[in-house]
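Subject: Structure for your review

Dear colleague,

Please find the structure below, followed by a summary of what was found in it. I would be grateful if you could read the two side by side.

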Amino acid sequence: MDERDVRLLKAISELETGSPERLHEATGIPVSTIHYRLSNLREEGIITNDRYEIDLEELGLGVTVLVEVHADYQGSYEEFADRLLTVEGVTNVYFTMGKTDFIVLARLSASEMVERLIAEFEQIEGVDRTDSTFVISAIEERDALQSYELETLLEELAGE
């Protein structure tokens, strides 16, 4: 993987498309090169399907960390969550009830990056403390709709 591959994957993520023409507009990489590289990224297992989903393990972001954030902040929880999202590697932020105010999911390239992640959280005004948990293995990561039977979805969402 080189700089062009990384630029393509970043553009795919931001544009939410694998359209070679749109990727060319965003990156300046020639369309013919984009076709070739997308094919290679599929063969390597980094791009996993026609929706251009990216296998983060294959890409090199295989360290998953769950961070409980205990906070005492001013303003809305949405504004505070936006500050948590500014930390590189953070993919999800959940506002929770109970002892923990927020749960953050981060995807990192190496365990050494966890120290940087926590240091950045501690610099955010309102963060009292954090508790981190390393994910040893992702047993199953799936789309929410995949966890339901069709009949349940029809009943719950379509009122049938």
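Axes here are lines fitted to C-alpha atoms, for helices over the stretch in contact, and angles run from 0 to 180 degrees between N-to-C directions. Helices (H or I, at least four residues) and strands (E, at least two) are DSSP runs, numbered from the N terminus.

This is a predicted model, in which local features need pLDDT of at least 70 and side-chain atom pairs count only at pLDDT 80 or more, while totals for chains, interfaces and linings use all residues. Residues are numbered from 1 along each chain as its sequence is written, and side-chain values use heavy atoms, with hydrogens and water left out.

Domains

The protein chain is divided into domain 1 (3-53) and domain 2 (63-135), with bounds that come from an automatic or database domain assignment. Taken over C-alpha atoms, the centres of domain 1 and domain 2 are separated by 30 Å.

Helix packing

H1 and H3 pack with their axes 11 Å apart, at an angle of about 85°. H1 and H3 are therefore roughly perpendicular to each other (angles under 35 degrees count as roughly parallel, over 145 as roughly antiparallel, 65 to 115 as roughly perpendicular and the rest as oblique). On the H1 side the contact (heavy atoms within 4.5 Å) is made by Arg4, Asp5, Leu8, Leu9 and Ile12, and on the H3 side by Thr33, Ile34, Arg37, Leu38 and Leu41.

Helix H1 (residues 3-15) also meets H2: their axes come within 10 Å and cross at roughly 110°. H1 and H2 are therefore roughly perpendicular to each other. In this pair, Arg7, Leu8, Ala11, Ile12 and Leu15 of H1 meet Arg22, Leu23, Ala26 and Thr27 of H2.

Helix H2 (residues 20-27) packs in turn against helix H3 (residues 31-43), at an angle of about 110° and with axes 9 Å apart. That makes H2 roughly perpendicular to H3. H2 contributes Pro20, Glu21, Leu23, His24 and Thr27 to the contact, and H3 contributes Val31, Ile34, His35 and Leu38.

Aromatic pairs

Rings of Phe, Tyr and Trp (its six-membered ring) pair if their centres lie within 6.5 Å; planes under 30 degrees apart count as stacked, over 60 as edge-to-face and the rest as tilted. By this rule there are 5 aromatic pairs. In one of them, the ring centres of Tyr77 and Phe95 are 4.0 Å apart and the planes lie at 5°, so the pair is stacked. Tyr77 belongs to helix H5 (residues 77-84) and Phe95 to strand S2 (residues 90-95), so the pair ties together parts that are 18 residues apart in sequence.

Yours sincerely
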